[in-house]
Amino acid sequence: MPKILVTGGAGYIGSITAHLLARRGYGVVVVDDLSRGHQHNIGSLPFEKLNVVDTPALVGLLSLEHVDAVVHFAAYLSVGESVAKPELYFSNNVGGTLSLLNAMAKAQVKHLVFSSSAAVYGTQELPSIPEDAPFAPVSPYGETKLMVENVLRSLDRYSGLRSIALRYFNACGSDPESGLGEEHEPETHLIPLLLKAVVTGNPITIFGDDYDTQDGTCIRDYVHVADLAEAHLLALEKLLGGGASDAFNVGTGVGHSVLQVLRAIEEVTGRTVPYEMGPRRAGDPAVLVANSDKLQRVLGWKPRFADLVDIVETAWQFEKNKGKREYPK
Ligand SMILES: NC(=O)c1ccc[n+]([C@@H]2O[C@H](COP(=O)([O-])OP(=O)(O)OC[C@H]3O[C@@H](n4cnc5c(N)ncnc54)[C@H](O)[C@@H]3O)[C@@H](O)[C@H]2O)c1
């Protein structure tokens, strides 16, 4: 079976994908600098603690391990932080990726799956966004993802690197198979923040209820992390089977408002979510929902967790087990 290098494999989506690949029989090597991830997510998978800006170390590892393809998650992902510290985001997300691409060229590794984001689309007033919608990122974070996608398009042409960019919408939930879930520090994502409000009793602030949506709150596309991991596997298989470079949205195609997510949390936990309504946050589009027809049609992807309540249930199981979680051995 092919050997896959997973960068950022101590993080949320990277670790769940790395364990899925290992369960499906792939050889896996995890690289992470542990700046934002957790050693406990890696379990017994082969692991090298290194920063992807270290090109020589990556060349050595890719060659030594005879790596066939790379799945590249390693990046910083907070939109707000990227606005405050754009240089950090350009150097880590773009600089780190350029270093990895250099190392891959030197070690002659020709296949890459890249964690892109719906942030490349920015503010669009479309009911659902297809892959050919115009790029219009509204944060340095979104810019970093678009810059890398542009480099990948160029390398496809000039170096023969075959890559698939997966543009995730809102990743969420915990993975029933590995038992892993979302533990960002600090957490900025809605579902874990709502669950935290339930557990602590401290109200969460909702950013705006005067958008042009049914209940006035923002609408997003929540995709379960296990379904996201599956999309990586399908993308890898396509590349390793000789497929062309491409880009796909990864989302369910169904939007939920902030208040709908809050109600789903109340249904699952049986408790009231304390919240207060705040003003809009800069740069938040009213609606961000994927058109994921292409992913379904070309790669045969189908979400296992299509229902918001089922998704929230897995996140609640993870939150409830805090302190007594069993991480992969
Ligand atoms: N979580 C989401 O909803 C979401 C949505 C869209 C895109 N993404 C993208 O998916 C990827 C993974 O997201 P996540 O939620 O798992 O984040 P995460 O922070 O949990 O994982 C990222 C991992 O990368 C590592 N890392 C960061 N910079 C590194 C470097 N220079 N060298 C080595 N390791 C480094 C961190 O230590 C961390 O373990 C990111 O690229 C992110 O931009 C995430």
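This is a predicted model: local features need pLDDT of at least 70, side-chain atom pairs count only at pLDDT 80 or more; totals for chains, interfaces and linings use all residues.
Strands of a sheet pair through backbone hydrogen bonds, either parallel or antiparallel. Strand β9 (residues 219-220) and β12 run antiparallel and are joined by 2 bridges. Ile219 has Ser257 of β12 as its bridge partner.

## The seven-stranded sheet

Another open sheet has 7 strands, in the order β3-β2-β1-β4-β5-β6-β11, and its pairing is parallel. At its edges are β3 (47-49) and β11 (246-250), each of which pairs on one side only. From one strand to the next, the twist averages 20°.

Within this sheet, β5 and strand β6 (residues 162-168) run parallel, joined by 7 bridges. Opposite Val113 stands Ile164 in β6.

## Helices across the sheet

Two helices can be described by the strands they lie across. Helix α5 (residues 140-158) lies across β5, β6 and β11, and runs at about 155° to β5. Helix α7 (residues 225-240) lies across β1 (3-7), β4 (69-72), β5, β6 and β11. The direction of α7 is at about 160° to β6.

## Packing of α4 and α5

Two packed helices are described by the angle between their axes and the distance between the axes. For α4 and α5, the angle is about 20° and the axes are 9 Å apart. Angles under 35 degrees count as roughly parallel, and α4 is therefore roughly parallel to α5. Their crossing is right-handed.

Which residues of α4 and α5 meet? From α4 come Pro86, Tyr89, Phe90, Asn93, Val94, Thr97 and Leu101, and from α5 come Pro140, Tyr141, Thr144, Met147, Val148, Val151 and Leu155. Sorted by class, this contact of α4 with α5 has 11 nonpolar and 3 polar residues, and no charged residues.

## Packing of α8 and α10

Helix α8 (residues 258-269) and helix α10 (residues 308-320) have axes that come within 9 Å and cross at roughly 60°. The two helices, α8 and α10, are therefore oblique to each other. The crossing in which α8 passes α10 is right-handed.

On the α8 side, the contact is made by Val261, Ala264, Ile265, Glu267, Val268 and Thr269. On the α10 side, Leu308, Val309, Val312, Glu313 and Trp316 take part. The contact of α8 with α10 has 8 nonpolar, 1 polar and 2 charged residues.

## The shell around the ligand

There are 29 residues around the ligand, and Gly8, Gly11, Gly37, Ala75 and Ala171 come nearest. By class, the residues of this shell divide into 13 nonpolar, 13 polar and 3 charged.

Which elements each supply at least two residues of the shell? They are α1 (12-23), α4 (86-106), β5 (111-117) and β7 (170-172). The largest share of the shell around the ligand comes from α1, with 3 residues.

Definitions and conventions
Residues are numbered from 1 along each chain as its sequence is written. Two strands pair if DSSP finds at least two bridges between them. Helices (H or I, at least four residues) and strands (E, at least two) are DSSP runs, numbered from the N terminus. Axes are lines fitted to C-alpha atoms, for helices over the stretch in contact, and angles run from 0 to 180 degrees between N-to-C directions. Angles under 35 degrees count as roughly parallel, over 145 as roughly antiparallel, 65 to 115 as roughly perpendicular and the rest as oblique. A crossing is left-handed if the near helix is turned anticlockwise from the far one by less than a right angle, and right-handed if clockwise. Two residues are in contact if their C-beta atoms, placed from the backbone, lie within 7 Å. Ala, Val, Leu, Ile, Met, Phe, Trp, Tyr, Cys and Pro count as nonpolar, Asp, Glu, Lys and Arg as charged, and the others, Gly among them, as polar. A residue is near a molecule or strand if its C-beta atom, placed from the backbone, lies within 6 Å of it.
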